[in-house]
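Let's walk through this structure together, stopping at a few residues along the way. Keep the 3D view open as you read.

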Amino acid sequence: MRIAVFGGTFNPIHIGHINVIKCVLKELKPDKLILMPTHIPPHKSAHDLASDEHRLEMCRLAAAEFSGVSVDDYELKSEGRSYTVATMEHLREVYPSDELYFVMGSDMTKTFLSWYQPKRITELCELVCLSRSDEDSEVISKYVDDIRAIGAKCYLLSCDPVEISSTRIRADIIAYGKSFGMLLSSVEEYIIKNKLYNFDKTKYNKYVDYLRADLSEKRFIHSMNVADEALRLAVLNDSDRSDAYFAGLVHDICKEIPIEEQLELVKRSKLPVTDVELKAPKTYHAIAAAVYLNEAFRVTNEQVLSAVRYHTVAKGGMTVLEKIVYMADLISMERDYKDVDEIRRCTHADINLGMKQAMIFTVKDSVKKCRPIPHITLDCYNEFIGL
Ligand code: ATP
């Protein structure tokens, strides 16, 4: 019998994994494909790690869509960290005379030789590798060759990659409550029903009510969308979620008050204000918001106040939170300017690449409209243009 084993955290299992399953079934034609969710000891728990039981159940829901695919809880039941070599030793005992294959994506293929006892693993089974992205497809064969050089039988399956990760899906669920088609519907329903990957937004209801009453509908929707996008970027960048969500929510809190009132607040700013900003009323609302939040709502979190203050003009040496709010404002759900999809894609892959795109876009736009550019914006542009 040909038995393929596909291990992973599966937190949650997604359409990238499903693509692997389909590809292995089609190309390798195993008699059995076993999904093997990995146990992560509680003290090592990563952020947003669903429990063993939930991950097992989600794998079962996915396996139910295919014939010949099953789920094994061997690693989940084992104490301590799961080592592939131990799992394959166990499977070799269970299936002494069958052909065993271990399936892995390109990120795993790249690091395979640094795993615990790679040579022993390749004595116990053959390896099956798949690309996770078009970029990986170009380099993966070199890693496969390196693995073959230790005497392993290692196959590279050529299937169109589905570029998605569990981290990205968790970010979408936490921020937007849905996966945008990146999960099987049974798995998505399970996640929603069991409130996995959750963020409690209700503690900001006071601010939401204030914004709803004070802002135009369009600006209110934008503020809600920036909060959600900032939350998504916080998850992707392992940054504080509450700070990001809150700063995104209130970043435009002063945008619709009379300009004279904005200027009064600007004059009380503890953070420095540049001459160019003073001559550009369109930039006042950000500086004013930081002052207003501190004076009217007693917000003292300097990280948050600074992220709000610099969300229009940026500056050199921005913190992750400052970048998150700046980018969330540019790529929030309702934005539909010409380059937004590309800037969104870059930002989700790497926030610094997003900042680079955003700086090029902003500086070009200011030059086209003959608008002065604050030197702090140029500091930011210069910082990212070399990336
Ligand atoms: P995370 O984002 O939390 O690191 P992940 O998406 O990488 O998660 P894992 O459960 O860690 O998912 O991956 C299990 C296995 O599936 C690994 O071998 C990994 O390389 C592979 N894999 C994950 N996503 C894809 C994908 N989109 N295409 C091909 N293989 C994938």
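Cys 154 is buried, at 2% relative accessibility; buried here means under 20% relative accessible area, exposed over 50%, and partly exposed in between, with a 1.4 Å probe and protein chains only. Please keep in mind that this is a predicted model, in which local features need pLDDT of at least 70 and side-chain atom pairs count only at pLDDT 80 or more, while totals for chains, interfaces and linings use all residues. Residues are numbered from 1 along each chain as its sequence is written, and side-chain values use heavy atoms, with hydrogens and water left out.

Now for the cysteine pairing. A disulfide is taken as a pair of cysteine sulfur atoms within 2.5 Å, and a search of the whole structure finds one. Which residues does the disulfide join? Cys 23 and Cys 159 are the partners, with an S to S distance of 1.6 Å. Their link is right-handed, with 55 degrees about the S-S bond. Cys 23 sits in helix α1 (residues 15-27) and Cys 159 in the loop between β6 (154-156) and α8 (166-176), so the bond ties together parts that are 136 residues apart in sequence. Helices (H or I, at least four residues) and strands (E, at least two) are DSSP runs, numbered from the N terminus. Of this pair, Cys 23 is buried at 5% relative accessibility, whereas Cys 159 is partly exposed, with a relative accessible area of 21%.

Cys 59 is in no disulfide, and its nearest cysteine sulfur, that of Cys 23, is 18 Å away. Cys 59 is buried as well, at 0% relative accessibility. Cys 154, where we began, is in no disulfide either: the nearest cysteine sulfur belongs to Cys 129 and is 3.6 Å away.

Next, turn to Asp 98, in the loop between α4 (84-94) and β4. What is the nearest side chain of opposite charge to Asp 98? Arg 92 is, at 6.1 Å, and the buried Asp 98 has no salt bridge; that term requires a side-chain nitrogen of Lys or Arg within 4 Å of a carboxyl oxygen of Asp or Glu. Lys and Arg count as positive and Asp and Glu as negative, while His and the chain ends are not counted. The backbone nitrogen of Met 1 lies 3.0 Å from a polar atom of the Asp 98 side chain.

Finally, Gly 105 belongs to strand β4 (residues 99-105). Gly 105 is buried, with a relative accessible area of 15%. Leaving aside residues up to four places away in sequence, Gly 105 touches Leu 130 and Arg 132, where contact means heavy atoms within 4.5 Å.

Technical notes:
Polar contact = N/O pair within 3.5 Å; in protein donor to acceptor, adjacent residues only side chain to side chain.
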